[in-house]
Amino acid sequence: MTLALTPPQVFSAFPYSPPYPIQAGLMHHLYECIEHKKVSIVESPTGTGKTLSLLCASLTWLADEKDRARKGKMVAYASDNGPDWVIAQTMERHRRELEAGEAEYEERLASARKKEASLKKMAKARVTKKPKLNHDKTQPSDPSDDAFLPEDGALVDDKSTDNISPALRALMAKVDQVSNRGPKPDEPEPTCTKIYYASRTHSQLSQILPELGKLKLQSQSNAAVPVLSDAEPPSLGRKRPDGEISTDDELRPQWRAVSLGSRKQLCINDELRARVGDLDEKCRELLGEKKENRCQHLPPVDEDSKMVDFRDQILASPKDIEDLAAAGRLAHACPYFGSRRAIPQAELVTLPYNLLLQKTAREALGIDLTNQIVIIDEAHNLISTILSLATTRVPFHTLDTSLSQVSIYLTKFRTRLSANHVLHLKRLITFLEALKRYSTEWLEAAKGKKQLGGGVEVMTVAELMQRVGRKAESINMLEIESYVRSSKIARKISGYSDKLAETAAGQDPAKLAQVRRGATPPLHVIESFMLALTSANDDGRVCFSVTGQPNQEQVEIRYQLLNPSTPFRDVVDAARSVILAGGTMSPISDVVAQLFSHLPQDRLSNFTCGHIIPSTNLQTLVVCRGPRGADLEFKFDRRGDKSMIAELGQILSNFINVVPGGMVAFFPSYSFLNTVKAEWTTSGTMEKFNAKKKVFLEPQETTDVESVLRDYAAACHTSKLSADKGAKGGALLFAVIGAKLSEGLNFSDNLARAVVIIGLPFANLSSPELRERMKYVNRLEAKSNVQKKFGQKDAAAELYENMCMNAVNQSIGRAIRHRDDWASLILIDRRYASTPLRNKLPQWIGEGTVITESFGVTMKHMGEFFRNKRTLPS
C-alpha cells in the first residue's frame with residue numbers, strides 16, 4: 001500500500017526523538033487510516049512503544065482536524081458576497097468569537113483544576129484534625145421495605161466547613177463563584193470528535209494516561225501556551241513535591257479525557273456498597289426525583305450545577321478509574337454519572353471492551369460512535385470476547401425461579417396494574433411455562449442419551465420457537481421481549497422478589513447471606529436470552545445439554561452466536577475509522593474473515609512491524625526429532641505414549657543444561673500436563689529437573705497464580721549468565737496454552753530466556769459449539785461462490801487451524817518484552833515445519849525460524865545462541 005508522506009507534526013509530538021523506524025511507520029499508517037476512513041489491523045510486538053505511537057498519531061490527527069474545522073468555518077464566512085472590507089471585518093469578528101469561546105472553556109477547566117487542588121487541601125485538613133469523621137459510614141441496613149433508600153443520617157453535608165480555616169473557606173467560595181460561570185443546565189452540551197480507546201481490563205487502560213502525558217502535543221493548536229523543550233515534555237497532572245497540582249498545569253490546556261467504568265468500580269456510596277446484592281439495581285432505585293429517594297451523591301434534579309462542575313473537574317485533568325473515584329469522594333459527587341456527563345466534551349474516552357462492544361451498554365452510556373475514531377488495543381482476543389458477550393446460559397433453576405417470581409408479582413399487583421401490563425405479563429408467563437415444559441420433557445428424553453455419551457442437542461432459533469410454540473400457541477417473542485425491555489419490568493419484579501426473600505430470611509445471617517449472593521437476578525438472564533432469540537437469524541444456535549450428577553440431572557439452555565461480525569458491524573459502520581491493535585494479531589487473515597468479510601477491500605488495511613530488538617536477540621527453532629531420532633508429533637491420540645513422554649523429558653533435560661535463568665514450557669492442555677507430570681514423577685525425571693532448575697506448575701486455581709509467579713521469579717534470579725554450562729540455578733515453569741499464564745503476563749529478561757511450545761493446542765472437535773461454528777463458516781463460504789485454489793483448506797479447517805495458532809502466538813509473546821531483551825523460542829512438533837503453519841506465526845518471529853531435522857543440530861544452535869549471550873547482563 002502506497003501512502004503519502006507522514007505529516008511532520010506526528011513525529012514532532014513524539015516524546016523521543018527520533019522515533020524508531022517501526023514507530024514512525026506505525027504512526028504514518030495510523031494517521032493515513034484515520035484520514036481516509038479505513039479499518040486497520042495493526043500488529044506491533046510488546047516493547048515497541050505501541051500505545052505511545054497509537055496515541056501520538058490519533059491525537060495529532062484530532063488536533064489537525066480541529067484546526068481544519070476552525071479554518072473551514074472561516075472559509076465559510078469568507079464565501080459570503082459583499083465588499084472585501086466587509087468580509088475581512090466579518091472574518092475577524094468570527095475569529096475572535098471562536099478564540100474567545102475556546103479561551104472561556106479553557107478558563108473553566110483551569111478553574112476546575114484549582115477547585116480540585118483546594119478540595120485536596122480541605123481533605124487533608126479534615127484528616128489531620130478529626131480522623132474519626134467517617135465513623136458512621138457502615139451503619140447496618142434496614143431490612144424493612146425502605147432498606148433500598150439512603151437514610152437521612154447517612155447524608156453528607158457538602159457545605160460543612162467545621163474543620164476548614166477561614167482562608168480556605170474564602171478560597172472555596174471564590175472557586176465556587178468561578179465554576180458557576182458554566183453553561184446553564186438546560187443548555188445543550190456541545191460535542192466534539194473523539195477517540196474511543198478500548199482494552200480488555202482497567203489495569204491495561206490505566207497504562208494509557210501516563211503515555212498520554214509524555215506527548216509533546218497540546219489539545220488546542222492555537223492555545224496561547226508556550227511549547228516546552230524536549231527536556232520538559234508537558235505532563236498530565238504533574239505534581240509538586242507537596243502533591244498538589246502545579247501552577248503551570250492549572251493553566252496549560254490538556255487533552256480532555258474521561259475513563260469509563262462500571263458502578264461496581266465507581267460507586268462511592270459506602271452504605272449502598274455494603275449491601276451485598278445487585279449494585280446496579282440498588283443504584284437505579286436511588287435515582288428518584290424526591291430528595292428522600294435519591295442517592296446522597298447526586299444533586300436534586302432541578303439543581304444540576306454540581307454535576308456540571310464535577311464534569312468540568314473530570315475533564316480538567318485526565319484521571320484513571322482510581323483517580324476518578326477519589327475525585328468523586330472529594331467533591332461528594334457520583335463518579336459513575338459524572339463520567340457519563342463528560343463523554344460529549346471529551347476528546348479521549350478510555351473504556352473496557354464490554355462497554356464498547358455491547359449495543360445496550362453504549363446506549364445506556366449515551367455513546368454515539370458516528371464518525372468517531374475507535375482504537376481497540378489488545379485486540380487478539382476480540383473475536384472470542386464478542387462471542388462470549390453474546391452467549392447466554394439459562395440453567396433450569398433460573399428458568400423456574402423466573403416463572404415463580406413473575407407469577408407472584410402478577411398475583412400481588414394485578415389490581416394495581418393497567419390492563420396492558422397485565423396482558424403482557426400473562427404472555428410472559430405463558431412463554432416461560434411453555435419453555436419450562438419443553439425443557440422438562442427434553443431432559444427426560446435425554447437422560448438415557450447422556451449415559452451413551454450424548455445428552456446434547458443443537459437447534460436453530462426457529463426450531464426452538466416451533467417446538468416451544470407447540471406448548472403455547474400464538475407466542476409472539478418480539479412483543480414479549482419488546483415489552484420486557486421497554487417497561488423495565490424485570491427490575492421491579494426482581495426488586496420485589498428480593499424484598500420478599502429478605503423478609504422471609506429475617507435476621508438470620510446465614511439465610512441473609514444466601515439471599516444476597518450478588519448474582520444477576522434470574523429474570524435479567526431470561527431477558528438477555530429473549531433478546532438473543534429476537535435479534536438472531538441464522539447467526540445463532542440454541543443448545544440444550546444435560547448437567548449435574550446421576551439422579552440429579554438438570555437441563556441447561558445456552559444461546560451461542562456463530563458470527564462475531566454481526567454485533568461488531570454496528571461499530572464498524574458507525575465509526576469513522578476502526579483500529580484493531582495487538583502485539584500478536586496473527587493470523588491476520590482470520591481476523592479479516594471473521595470480522596470484516598462484508599467490507600470492500602479498499603476500506604481495509606493492515607500493518608505488521610518487526611521488533612525493535614536486533615535479530616541476534618531472538619532465536620526461533622522448530623524441533624522435528626528427539627534425541628532418539630523419533631519424529632515428534634504430539635497429536636491427541638499419542639499423548640499417552642510413554643516412550644514419547646520419556647523422549648520429551650530427555651529433550652527438556654538437555655535444554656535445561658544450556659538455558660540460563662527461567663524457562664517456560666507450554667503444554668497443549670491441562671490433561672496432557674497432568675499425564676506428563678505423573679509419568680515423570682514415577683520415572684524420576686521430575687527429580688532430575690529439580691536438581692538443575694526449581695520446577696513450578698501452573699496452578700489450577702486463579703487465587704494461587706500470584707504466589708506461584710512470585711516464587712518462580714525469585715528462583716529465576718538465582719541464575720547468573722557467567723555460571724558454568726551445567727551450573728544449578730534458575731527455574732522451570734510448566735504452563736498451559738490458552739490458560740492463566742499464556743496471556744497478559746510479562747516474562748521479560750531472566751524470567752524467560754527460553755519459551756518452549758509443546759505440540760499444537762487444537763480445540764476439541766467433539767464440542768457441539770465448535771462443530772456448529774465450523775458448519776456455519778462452511779455454509780458462508782459456499783454462499784460466496786469464491787473458487788478455492790488447489791489444495792486450499794475449506795473455511796472450517798482454516799478456522800480450526802487459526803484458533804490453534806492464535807493461542808500459540810499468545811504464549812510465544814510472553815517473552816521478548818523490551819528492546820534489550822533476548823530469548824530462544826522453541827516449537828517442539830514436526831507440524832510447525834509446514835509452510836501454512838509457519839506463515840501464521842507473527843512476521844517478526846516467522847522470518848527467522850530455523851527448522852532442525854536432528855536433535856544434535858537443535859542443541860548446536862541453542863548452544864551457540866546462549867554462548868553469545870553470556871557476556872550480556874542478566
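Buried, here, means under 20% relative accessible area, with exposed over 50% and partly exposed in between (1.4 Å probe, protein chains only). This is a predicted model, in which local features need pLDDT of at least 70 and side-chain atom pairs count only at pLDDT 80 or more, while totals for chains, interfaces and linings use all residues. Residues are numbered from 1 along each chain as its sequence is written, and side-chain values use heavy atoms, with hydrogens and water left out.

Let's start with helix α14 (residues 335-342), where 6 of the 8 residues are buried. Those buried residues are Pro335, Tyr336, Phe337, Gly338, Ser339 and Ala342. Helices and strands are DSSP runs numbered from the N terminus (H or I, at least four residues, for helices; E, at least two, for strands). The cover over the buried part of α14 includes β3 (257-259), α9 (263-266), α11 (279-285), α12 (305-316), α13 (321-331) and α16 (359-365); contact means heavy atoms within 4.5 Å.

Next, the cores. A nonpolar core is a set of buried Ala, Val, Leu, Ile, Met, Phe, Trp, Tyr and Cys residues joined through side-chain atoms within 4.5 Å. The largest one has 110 residues, and Ile376, Val542, Phe568, Leu580 and Phe596 have the most contacts inside it. Helix α19 (residues 419-451) gives the most to this core, 12 residues. At least three residues come from each of domain 1 (1-120 + 162-177 + 189-217 + 253-372 + 575-610) and domain 2 (393-564), with bounds taken from an automatic or database domain assignment. Beyond its neighbours up to four places away in sequence, Phe596 touches Val39, Ile41, Phe568, Val572, Leu580, Val591 and Leu604. Apart from this core lies another, of 40 residues, among them Phe666, Ile737, Leu741 and Trp844.

What about the cysteines? A disulfide is a pair of cysteine sulfur atoms within 2.5 Å, and a search of the whole structure finds 0 of them. For Cys267, the closest cysteine sulfur is in Cys283, 6.4 Å away and too far for a bond.

| Residue | Relative accessibility | Class |
|---|---|---|
| Cys267 | 15% | buried |
| Cys804 | 1% | buried |
| Arg200 | 29% | partly exposed |
| Gln405 | 13% | buried |

Arg200 is in the loop between β2 (195-199) and α6 (202-205). Arg200 and Asp377 are 177 residues apart in sequence, yet 7.8 Å apart in space, C-alpha to C-alpha. Leaving out residues up to four places away in sequence, Arg200 touches Pro352, Tyr353, Glu378, Asn381, Glu743 and Gly744. Gln405 is in helix α18 (residues 396-413), and its contacts beyond four places in sequence are Ile493, Ser494, Ser497 and Pro522.

On a 1 Å grid over the protein atoms alone, a cavity is a set of points where a 1.4 Å probe fits but cannot get out, and a pocket is an open set with protein on both sides within 12 Å along at least five of seven lines; lining residues have an atom within 4 Å of a point. The count comes to 10 cavities of 30 Å³ or more. The second largest cavity is about 120 Å³, and of its 14 lining residues Cys267, Asn269, Cys283, Cys295 and Cys334 lie nearest its centre. The second largest pocket has a volume of about 1,200 Å³, the space filled by probe spheres set on grid points joined across faces, edges and corners. Its lining has 44 residues, with Ser384, Ala763, Arg773, Met803 and Ala807 nearest the centre. The largest share of that lining, 6 residues, comes from α32.
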